[in-house]
Amino acid sequence: MELKIRKNKDIYIVDISGEMDLYNSYKLKELIAKMLERQIQCIVLNLEEVEYIDSSGIGALIYICSTLKKKNLKLYITNIHGSVKKVIELTKLMGFFPITNSLEEALQKLADSQ
């Protein structure tokens, strides 16, 4: 799994590529923890390049989502597709996660809420 961060105004976009599984989903949790230490308020997780997710990856997303909700910070998960989308649908988490269909939609929703 590879993580890249880019910025659009006050919104930080984390581009995730590869597999979110037992062996590397902790990297995403560590990255988000560092971002929270830096007082970052708005985060978009872009899953466009994620081909596979297992229960550890789902667990990382749940942890990140609930942590940010508790702190009243803003999060969107975008570009979920293929087998990743199927796993999230099967775990009945589509309603739990703040999901958008595109990066542009996530950026617009965050801009509107500021």
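Mentor: One term before we start: contact here means heavy atoms within 4.5 Å. Keep in mind that this is a predicted model.
Trainee: Okay, so what is Ser25 in contact with, leaving aside its neighbours within four places in sequence?
Mentor: Ser25 is in contact with Met1, Ser56, Gly57 and Ala60, once those neighbours are left out.
Trainee: And is Ser25 buried or exposed?
Mentor: Buried, because its relative accessibility is 6% and the cut-off for buried is under 20%.
Trainee: Which backbone oxygen lies 3.4 Å from a polar atom of the Ser25 side chain?
Mentor: That of Ser56. Ser56 is also in contact with Asp21, a residue in the loop between strand S2 and H1.
Trainee: Where is the nearest side chain of opposite charge to Asp21?
Mentor: It belongs to Lys27, 8.0 Å away. Asp21 is buried yet has no salt bridge.
Trainee: Switching topic, how many salt bridges are there in the whole structure?
Mentor: A search finds three. One of them joins Asp15 and Arg6, with the closest N and O atoms 2.5 Å apart. Asp15 is buried at 18% relative accessible area, while Arg6 is partly exposed at 37%.
Trainee: What about Glu105, which residue does that pair with?
Mentor: Glu105 forms a salt bridge with Lys109, at 3.7 Å between the closest N and O atoms. They are four residues apart in helix H4, so about one helical turn separates them.
Trainee: And which side chain does Lys4 meet?
Mentor: Lys4 meets Glu2 in a salt bridge, 3.4 Å from N to O. Glu2 is partly exposed, at 41% relative accessible area.

Terms used. Residues numbered from 1 in each chain as written. Predicted model: local features only at pLDDT ≥ 70, side-chain atom pairs only at ≥ 80, totals over all residues. Heavy atoms only, no water. Buried < 20%, exposed > 50% of the residue type's maximum accessible area, 1.4 Å probe, protein only. Polar contact = N/O pair within 3.5 Å; in protein donor to acceptor, adjacent residues only side chain to side chain. Helix = DSSP H or I, 4+ residues; strand = E, 2+ residues; numbered from the N terminus. Lys, Arg positive; Asp, Glu negative; His and termini not counted. Salt bridge = Lys/Arg side-chain N within 4 Å of Asp/Glu carboxyl O.
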